[in-house]
Amino acid sequence: PHTSNWKLWDGNDVARTLSDRSTFSHKGSFGTGLLLAGSDEMPGSALLAGLGAMKTGIGKLVIGTSKFVASTISNRLPEATYWFDGLQRCAKGHLVKGIRAAAIGPGLNAPYLVEEAINCLWERDIPLLMDAGALTEREYAPRETPVIITPHPGEFSRMTGKTVEEIQSDRIKLASEYAINHRMIVVLKGTYTVIAYPDGTGVINTSGNHCLAKGGSGDTLTGMLLALLCTEEDIKSAVANGVYLHGACADEIVKNKDARAVSIGELTDVLGTVLQRIK
Ligand code: APR
Ligand code: MG
């Protein structure tokens, strides 16, 4: 890729591109997002992604998950509604009405169902984010509406067949090639997350720190991105802004405590402070 098409993404970029909220807005203005996440063994992934979405300003959130997961998390996420066994129902071709964007993957460990659910979502004219359990090596038909993938290097290795070492030594080039060839937005996570767009451009995130090196931080990012896909017109900057804000929350938290002692659920607690300073 032409490195002239690439730039760093910082707080000024967020301030410039994140849209203002209208006085005359209502929950419908900010869209309904569908989150297919969480399994009985990983209920927290649905909670963390759900908190990420809610705190980033989504209008309404529907979580497709099991009754067990829903009853485990709902007292910490009273704003969400639930679509019981949404993964199974989506895999059979059903979908809740009025969805503006969908995210699938955190805490999912049923590859066959996930594949079928992706096939269903693929046909709908809404931005689709795939993370974690939704990231596999498979073929995708061409799609007009934006597709966003958020692999960590291990997942990108699984998708591409390249080793983690190969990926880490050439992150920009490999993410960009994949984005161009598959017409997807590739968020290749890690220190200085790389965001590659299908048009050959890209940005490198400048926020974040090693307090994010803990299970569940990627799930939180998925939820934050889902909210921005529902609320922002420009998908390219929406994705970059989500990645930046996620890292900026981590930077805010370590001002007051050692990174080791940070729990991931705290990330979205400081998002309000971060946003207030930036906007
Ligand atoms: N500096 C900056 N950012 C970091 C650092 C670091 N040292 N370490 C991690 N991060 C950020 C990444 O950029 C990314 O945004 O933290 C997030 C980690 O995301 P994941 O690797 O997806 O972590 P996690 O939430 O634990 O994933 C949960 O999904 O990816 C699967 O196998 C994973 O089952 C697990 C689940
Ligand atoms: Mg993850």
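In this predicted model, the space taken up by ligand 1 is the largest pocket. Around ligand 1 there are 19 residues, of which E155, K189, G190, G216 and G218 come nearest. Among the elements of secondary structure, helix α9, which spans residues 217-231, gives the most to this shell, with four residues.

Several polar atoms of the protein are placed beside oxygen atoms of the ligand. A polar backbone atom of G218 lies 2.6 Å from an oxygen atom of ligand 1, and a polar side-chain atom of S217 is found 3.0 Å from an oxygen atom of ligand 1. For D219, the corresponding distance, between a polar backbone atom and an oxygen atom of ligand 1, is 3.3 Å. Taken on its own, ligand 1 has 710 Å² of accessible area, and the protein covers 74% of that area.

G218, one of the residues that come nearest to ligand 1, has its place in helix α9. With a relative accessible area of 18%, G218 falls under the 20% limit and is therefore buried. When residues up to four places away in sequence are not counted, G218 touches D131 and K189, and K189 is itself among the residues that come nearest to the ligand. G218 and S45 are separated by 173 residues in sequence, whereas their C-alpha atoms are 9.0 Å apart in space.

Helix α10, formed by residues 235-253, contains K236 and also H246. H246 has a relative accessible area of 9%, and because this value is under 20%, the residue counts as buried. Neighbours within four places in sequence being left aside, H246 is in contact with L212, S217, T220, L221, M224 and L267. One of these partners, S217, is the residue whose polar side-chain atom lies 3.0 Å from an oxygen atom of ligand 1.

K236, in helix α10, has a relative accessibility of 31%; since this value lies between the limits of 20% and 50%, K236 is classed as partly exposed. Apart from its neighbours within four places in sequence, K236 is in contact with Y197, D199 and T201. K236 and C90 are 146 residues apart in sequence, and the distance between them, from C-alpha to C-alpha, is 27 Å.

Technical notes. Residues numbered from 1 in each chain as written. Chains lettered and ligands numbered in written order. Predicted model: local features only at pLDDT ≥ 70, side-chain atom pairs only at ≥ 80, totals over all residues. Heavy atoms only, no water. Helix = DSSP H or I, 4+ residues; strand = E, 2+ residues; numbered from the N terminus. Buried < 20%, exposed > 50% of the residue type's maximum accessible area, 1.4 Å probe, protein only. Contact = heavy atoms within 4.5 Å. Near = heavy atom within 4 Å. Polar contact = N/O pair within 3.5 Å; in protein donor to acceptor, adjacent residues only side chain to side chain. Areas by Shrake-Rupley, 256 points an atom, 1.4 Å probe, with all protein chains shown as cover. 1 Å grid on protein atoms, 1.4 Å probe; cavity = no way out; pocket = protein on both sides within 12 Å on 5 of 7 lines; lining within 4 Å. Sits in = over half its atoms within 2 Å of the grid points.
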